[in-house]
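Subject: Structure for your review

Dear colleague,

Please find below the structure that I promised to pass on to you. My notes on what was found in it follow directly after.

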Amino acid sequence: MTFGDCMQRTSTALALVLSAALPTYSAISFADETLHLYNWSDYVAEDTLSGFASATGIRPRLDVYDSNEVLEAKLFAGSSGYDLVFPTARPFAARHIAADLYLPLDKSKLPGLDQLDPAIMSQLASIDPENAHLVPYMWGTSGLGINRDKVQAALGESADLDTWALIFDPETAAKLGACGISLLDDPTEVFSAALAYLGKDPNSLDKADLDAASALIKAIHPQVRYFHSSQYMSDLANGDLCVAMGYSGDVFQAQSRAEEADKGVVVDYVIPREGAPVWTDVMAIPKDAPNPAAAHAFIAYMLQPAAIAAVSNAVYYANPNLAATPLLEDAVRDDPAIYPPAEVKARLFVPSERSDREIRDLNRLWTRLKANR
Amino acid sequence: MTTLAERRSLEPWQDPKAVPYLRIERVTKKFDDIYAVDDVSLDIFQGEFFSLLGSSGCGKSTLLRMLAGLEYPSSGRIYIDGVDVTDVPAYSRPVNMMFQSYALFPHMSVEQNVEFGLKQDRLSRRERTERVAEMLELLKITELRKRRPDQLSGGQRQRVALARSLAKHPKLLLLDEPLGALDKRLRENTQFELVNLQERLGITFVTVTHDQEEAMTMSTRIAVMDAGQIMQVDTPTAIYEFPTCRLVAEFIGSINLFEGKVVATEGNAVLVETRVGRPMRMHSFHPMVLGTPVTVAVRPEKMRLCADFRDDGVNQLKGRVEDIAYLGDVSIYRIRVGDGALVEMTLTNVQPRTEQALTWEQDVAIEWSPSSGVVLTE
Amino acid sequence: MPAPPPNRAKHTHRTSRLVNIGIPYLWLGLFFLLPFAIVLQISLAEPALAQPPYTALWQWVDEGLLRIEINLRNFMMVAEDDLYLSALLNSLQVAFICTLLCLLLGYPMAYAIATAPERWRIILLMLIVLPFWTSFLIRVYAWIGILKSKGLLNDLLIWLGLIDTPLAILHTQTAIYIGVVYSYLPFMILPLYANLSRLDMSLLEAAADLGCRPMRAFLRVTLPLSMAGILAGSMLVFIPVVGEFVIPDLLGGPESLMVGKLLWTEFFSNKDWPLASALAILLLALLVVPFVMMQRLQQRIEGGRP
């Protein structure tokens, strides 16, 4: 993910900050306090910040990023000035905990923790013992965004659409290259998808497996228009891309943009049958947060089923709050791509922990692959 | 080298059969609506040291630039050695110019500057080296050959510029204020050097200057210009002694002017009545009609003290010394005469100053001869 | 009133001189040497899972025992891995070609402005500077709209009937060239203009008078005299373009490997600050050499003193 991306949605963020800046003084205890949030762009509901402000009297200030790396660089540099951040659990939050960047939560201030999905909590506990630092915010999958009409025009009506073969099978990719293929600029995600397509362990670091995945990516490289982690949203919506590997919620946003534009572009999100990476974004309080009390207040607010359901309804990502599920719009709750049924869930895989060295090697391999060297 | 006497006997401009080397024929140059040069015709002969003299903005530089090909006339023709060069670009004209700012190439050494024009002529390396050495020798700047322009004094730069413009052995050299950037002492020495050089090389020089003294010293002939037009073309002596109009008379040296009108004609002399006293009798080269308004012009050094002042005498004035300027060799006296006008008189200081005849507030009578001034009609 | 001690004036004079000389050095020390020292120090450390994410260069182990660890592996890695070398070479190539293109485009423009009538000059200069009033990022984004497959340029070319299928320009090295030349052209034009506008036109007249045709006069007089402007403009373009990140990131494709992007990856994706610092140090070294060479050349041209 890149610097340019960060700027793309700054205007939305600015609007959010402005609306959040309208002060409300209903609660006395937090009057005149400010909470500095650092979150992904387009990752809250329209009324999240104003609702929080009127519930607590704390003025939230929202800055946005759209890559974990940018967030991470600020955290490691120290004194980021933020009270609450929203990293992806693996591998990011995991190594932040290892580097002792986060404040342990005061769970007495967080009623409603018990409503969170125990499956997700126990899975998080493997990187955050006793769930001491992290509260899950949203989760989703990385799959394929598809322009159905164009793909079917290129491959035929009866073609299978729920498979990584759309991008990883060189022959299929060659047919789709002209109307546009994009991949995420994220080696972990792309490698695990490629390995899943090859029928291997998606988390494998075995050299032979990685070589096979590299060869696969090299073979389809000429058909890839770009490696990018957010550009595909607008291109999918405009019909400039046929197939994009993307994050579920982002593809859904592209889908609704395409519907709004009403130019006959239909975007689908599919979870390939070979399996797909699943990820969880979490809330965490940096150790040097200026106002950890306000951060706790925000987590507590987001633990309210109505508040978190509103976010899911807005951004099309699943939330881990079981009590919130009844409050979701039907279209969200019943969408198997957002809340996958059990048999699909079984095929999703969680990226495993990796050492810094392993990640660096993977990233350097990735840079080389992208440059086609 | 011709002597002055020889020269006088065969001045080309007096010889109707002589063919001019440079002919300027009804040349006009307009910038937007302003006439910088207005219908100028001039013939300049081989070997002349010709000066265009005038105050700034009179069009003399524009005329020179047209000769060089740096400007093109709006109308009129220019011939050099019989060839119409009016539309020939600067780089093809057989003419070189020394620029007022010298325009030396700052990124080249003295040697390279001098060699520049020769390179354009595709001379062999040996010829170029010889020619450069010759020019450096001629201008006595051989020691400076490796220096760059910014390491030279004003006088040295002037020599380099001259060497550069002479290197191509032009038949016609144009000099734009050649001494303008030098200090007074250096200027005087260089004047003579320039004349010697010109006579030695036999090149025709056309210079532009605003300094009348410089023009007088160096030139064979001078053209006095004003407002784009030529007022008078003549030898320095004639320009000084016999100006044809008030403008030329006033531009060169100082002069006493008495306005009046013709009251009588007596052979080749006229009687002019002025406001400052009795009529003046002056020689005139042209017949004059009675009543013509004229100006009598007499140079201060032509005035002398009058030993016998007569009430009915002509060319005599009475007055009182109001101001004395002591210049060493001469003194200038300002004398208030009858009508309140001031008359200037220059006397050579034959005696030491302390013993001079005239002092302030002294009543004096002055006079001049009918042949020592001119009667101007314009 | 007693006269001030005679050496007082001298003393204040010396102090003011010290201040005059001192300020540039202080500036240099504070804003160049100090950051450089910090980056150098990081480049000699090892990445670590900590805040900050690298090891300390020295630590007191015991009373009187200072342990200094210098890790040269980052430099070795940059030197050994051809990825970094090829990124550096590609960056240099992009910078070189862009500088050349800027020069070829910028020189005639600067010359035209410098020789334009007085009242036009200020307008033309304004036009050169005007794009700066819009954010650099937005201008680069605008190029995405122009160059993309359904963008303005392709639409225009198809409409004109010059091409049938859209040209793939966006996400290629060509797009980087276009973006860089567009963005950096003013940095070439302005110093060239400053130089050319000071050019004494009588020098060209003198050249013509000495028999030099306009083209030769340009080559022998104008060009050598504007060399200082050419060098200044070229440095202003070349040096930042080598490390340019935004333009290759937005307009370039995956194959346009440039050192700026590599630095970003090392710093952000790999959290490998030491390696990123080592890369930055090598880049700096690589740029300082031509810079010093150009400086020398410029001194020779300008000063002309033996």
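**Two domains within chain B**

In this predicted model, the centres of domain 1 of chain B and domain 2 of chain B, taken over C-alpha atoms, are separated by 39 Å. Eight residues of domain 1 of chain B and nine residues of domain 2 of chain B take part in the contact. According to the domain assignment, domain 1 of chain B covers residues 4–247 and domain 2 covers residues 254–376.

The size of an interface is often expressed as the accessible area that is lost when the parts come together. For domain 1 and domain 2 of chain B, the buried area is about 770 Å², and 55% of it lies on carbon and sulfur atoms.

Two salt bridges are found across the interface of these two domains. Arg246(B) forms a salt bridge with Glu259(B), and the closest N and O atoms of the pair are 2.6 Å apart. Between domain 1 and domain 2 of chain B there are also four residue pairs in polar contact. On the side of domain 1 of chain B that touches domain 2, helix α8 (residues 236–241) of chain B gives the largest share, with three residues. That side of domain 1 of chain B consists of five nonpolar residues, one polar residue and two charged residues.

**Chain C against chain B**

The second interface to examine is the one between two chains. Here 22 residues from chain C and 25 residues from chain B make the contact. Chain C and chain B bury about 2,100 Å² between them, with carbon and sulfur atoms giving 56% of this area. Which three residues supply more than any other three of the area that chain C buries against chain B? They are Asp209(C), Leu210(C) and Arg220(C), which supply 34% of that area.

One salt bridge is found across the interface of chain C and chain B. Glu205(C) forms a salt bridge with Arg65(B), the closest N and O atoms lying 2.6 Å apart. Eight residue pairs are in polar contact across the interface of chain C and chain B.

On the side of chain C that touches chain B, two or more residues come from each of the elements α8 (201–209) and α9 (214–225) of chain C. The largest share of this side, seven residues, is given by α8(C). By residue type, the side of chain C that touches chain B divides into 11 nonpolar, four polar and seven charged residues.

With kind regards

Methods: Residues numbered from 1 in each chain as written. Chains lettered and ligands numbered in written order. Predicted model: local features only at pLDDT ≥ 70, side-chain atom pairs only at ≥ 80, totals over all residues. Heavy atoms only, no water. Domains from an automatic or database assignment. Contact = heavy atoms within 4.5 Å. Buried area = accessible area lost by both parts, 1.4 Å probe. Salt bridge = Lys/Arg side-chain N within 4 Å of Asp/Glu carboxyl O. Polar contact = N/O pair within 3.5 Å; in protein donor to acceptor, adjacent residues only side chain to side chain. Helix = DSSP H or I, 4+ residues; strand = E, 2+ residues; numbered from the N terminus. Nonpolar A, V, L, I, M, F, W, Y, C, P; charged D, E, K, R; others polar.
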